[in-house]
Amino acid sequence: MLDATFAALSDPTRRAIVGYLRNEDMSVGQVVEKFELTQSAISRHLDVLENARLIKRKRVGQRRVCSLSAAPLHELSDWLEAYRIFWNDSLERLDQTIAGKKQ
């Protein structure tokens with residue numbers, strides 16, 4: 001699943017769509033209005049995001065409404081956490097080295 005999340009988020013348009021959906025659910029038409037792309041191009045981006053389980057689409061009346069699905073982002077955050085610990089530990093060792101040289 002992590003591979004699909006990275007692949008889906010590798011495109012700036014798809015990252016922007018996820019950003020918009022972080023704030024509110026939007027119809028496909030509202031998503032299209034945010035970009036200078038055709039509806040079919042946006043639909044292809046939405047398909048990729050839906051296949052990666054980053055968004056869900058449901059029919060509300062005659063509209064299809066998109067909402068963010070946070071589970072894959074949580075998995076991504078868990079994966080990145082190991083690297084955050086690595087960098088924090090590395091910076092702490094650098095601070096200790098610099099402090100040792102000042103004495």
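A salt bridge is a side-chain nitrogen of Lys or Arg within 4 Å of a carboxyl oxygen of Asp or Glu. The structure, a predicted model, holds three salt bridges. D47, E50 and R57 are linked in a network of such contacts, and R84 pairs with E81.

- R57 and D47 meet through their side chains in a salt bridge, with a distance of 2.5 Å from N to O.
- This pair links distant parts of the chain, since R57 lies in strand β2 (residues 55-60) and D47 in helix α4 (residues 39-51), 10 residues apart.
- R57 also forms a salt bridge with E50, where the closest N and O atoms are 2.9 Å apart.

**The pair in helix α5**

- The side chains of R84 and E81 form a salt bridge of 2.7 Å, N to O.
- Both residues belong to helix α5 (residues 71-102); because R84 and E81 are three residues apart there, about one helical turn separates them.

**Accessibility of the residues**

- R57 has a relative accessibility of 17% and therefore counts as buried, the cut-off for buried being under 20%.
- D47, which R57 meets in a salt bridge, has 36% relative accessibility and so counts as partly exposed.
- E50, the other partner of R57, is partly exposed, with a relative accessible area of 27%.
- R84 is partly exposed, at a relative accessible area of 43%.
- E81 is partly exposed, at a relative accessible area of 33%.

Terms used:
Residues are numbered from 1 along each chain as its sequence is written. This is a predicted model: local features need pLDDT of at least 70, side-chain atom pairs count only at pLDDT 80 or more; totals for chains, interfaces and linings use all residues. Side-chain values use heavy atoms; hydrogens and water are left out. Helices (H or I, at least four residues) and strands (E, at least two) are DSSP runs, numbered from the N terminus. Buried means under 20% relative accessible area, exposed over 50%, partly exposed in between (1.4 Å probe, protein chains only).
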